[in-house]
Amino acid sequence: MDSSRREMLRGAGGIAVMALAMAAGLLKPAAARAMTWNKAAFDTKSFADAVKALGGPPAVESKDVVLDGPDIAENGAVVQFTIRSQLLDTESIAVLVEKNPNTLAANFQIPPGTDAFVTTRVKLAESSKVYALVKAGGKYFYAAKDVKVTIGGCGG
Amino acid sequence: MADPMKIRAVLDPATGKVEVKVLMAHEMETGQRKDAKGAVIPAWFIQGVTATCNGRTVLDAEWGPAVAKNPFLSFRFGGAKAGDKVVISWVDNHGDKRSDEAVIQARS
């Protein structure tokens, strides 16, 4: 009784593995992106954890990071932010929303020759502190801003 | 295949920098919402965005589902001239992808 149940489970497992392998074969580039996509960082639920998952020691607040955005967002589904870094050797710029289900919204790698400047639009589930996190010279710096949301951007 | 992106790439002769503005067509479903029957609508969002110019990567981004629907993106880079092409590519968590390009215009 027990052993046949085990056999069945094993069989089901095998099918699942095959299906996975097939999916991987069919969706190779996506699989490659899915493997590099930093799931751990995008799953975090606090600013401190997100910084850690991005490989950083605790970030330091800096006046050289400028986060431009609204004080009040009427619609949390679309809130535009511009981030500028005046730090030398800026390597990446990330946008984080403290009160969203997951903190990290986007992370931009800035290669040499590209300005430390990016504008993007994110969702805010509710009124929240928004962070711009900049990696420069291997260190982490941030600017933060409180944004009040009238209508949330997530949930249904 | 998703709808094409709208891309504008303008060279400012004063600074020598190219300003790129991109508008993508994508649902960017968070995976948090529920439909009328209470079932969770699965997450569907762009995970990776890459911009290249003359074979050089000028921006590489990882996105989560918190990026707004029909994402807008703007950035600036140097080392290109009018007539060069900027290529923007994205891939979403379903493996769907899209690549579009724009010719750099000089600001008149």
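A:Asn107 sits across from B:Glu62, a residue of S4(B). That pairing belongs to a set of four bridges that join S6(A) to strand S4 (residues 56–63) of chain B, with the two strands running antiparallel. Helices (DSSP runs of H or I, at least four residues) and strands (runs of E, at least two) are numbered from the N terminus, and two strands pair if DSSP finds at least two bridges between them. This is a predicted model, in which local features need pLDDT of at least 70, side-chain atom pairs count only at pLDDT 80 or more, and totals for chains, interfaces and linings use all residues. Residues are numbered from 1 along each chain as its sequence is written, while chains are lettered from A and ligands numbered from 1 in the order in which they are written.

As for confidence, the predictor gives the complex an ipTM of 0.95 and a pTM of 0.84. Chain B has a mean pLDDT of 95, and 99% of its residues reach 70 or more; pLDDT is the predictor's confidence in each residue, from 0 to 100.

Now to the chains themselves. Chain A is built from four helices and nine strands, and its pattern along the sequence reads α-α-α-α-β-β-β-β-β-β-β-β-β. Chain B, for its part, has zero helices and eight strands. Its C-alpha trace spans about 55 × 25 × 20 Å along the principal axes. A residue is called buried if 20 or more other C-beta atoms lie within 10 Å of its own, exposed if 12 or fewer do, and partly exposed in between, with C-beta atoms placed from the backbone. Two residues are in contact if their C-beta atoms, placed from the backbone, lie within 7 Å. Taking contacts in chain A between residues at least 6 apart in sequence, 64% join residues at least 24 apart; for chain B, the corresponding share is 57%.

Back to where the chains meet. The contact takes 33 residues from chain A and 31 residues from chain B. On the chain A side, helix H2 (28–36), strand S6 (104–109) and strand S7 (114–122) each supply at least two residues, and S7(A) gives the largest share, with eight residues. Sorted by class, this side of chain A holds 18 nonpolar, 11 polar and four charged residues. Here Ala, Val, Leu, Ile, Met, Phe, Trp, Tyr, Cys and Pro count as nonpolar, Asp, Glu, Lys and Arg as charged, and the others, Gly among them, as polar.

One of the pairings sets B:Ala51 against B:Leu59. In this hairpin, with two residues between the strands, B:Asn54 takes a positive phi near 55°.

Finally, the interior. A nonpolar core is a set of buried Ala, Val, Leu, Ile, Met, Phe, Trp, Tyr and Cys residues joined through C-beta atoms within 7 Å. The largest one has 70 residues, of which A:Leu96, A:Val122, A:Ala132, A:Leu133 and B:Val67 touch the most other members. Leaving aside residues up to four places away in sequence, A:Ala132 touches A:Val65, A:Leu67, A:Ile83, A:Ile93, A:Val95, A:Tyr142 and A:Ala143. A:Lys145, located in strand S9 (residues 139–151) of chain A, counts as partly exposed because it has 15 C-beta neighbours inside 10 Å. Its contacts, again not counting residues up to four places away in sequence, are A:Leu67, A:Gly69 and A:Val130.
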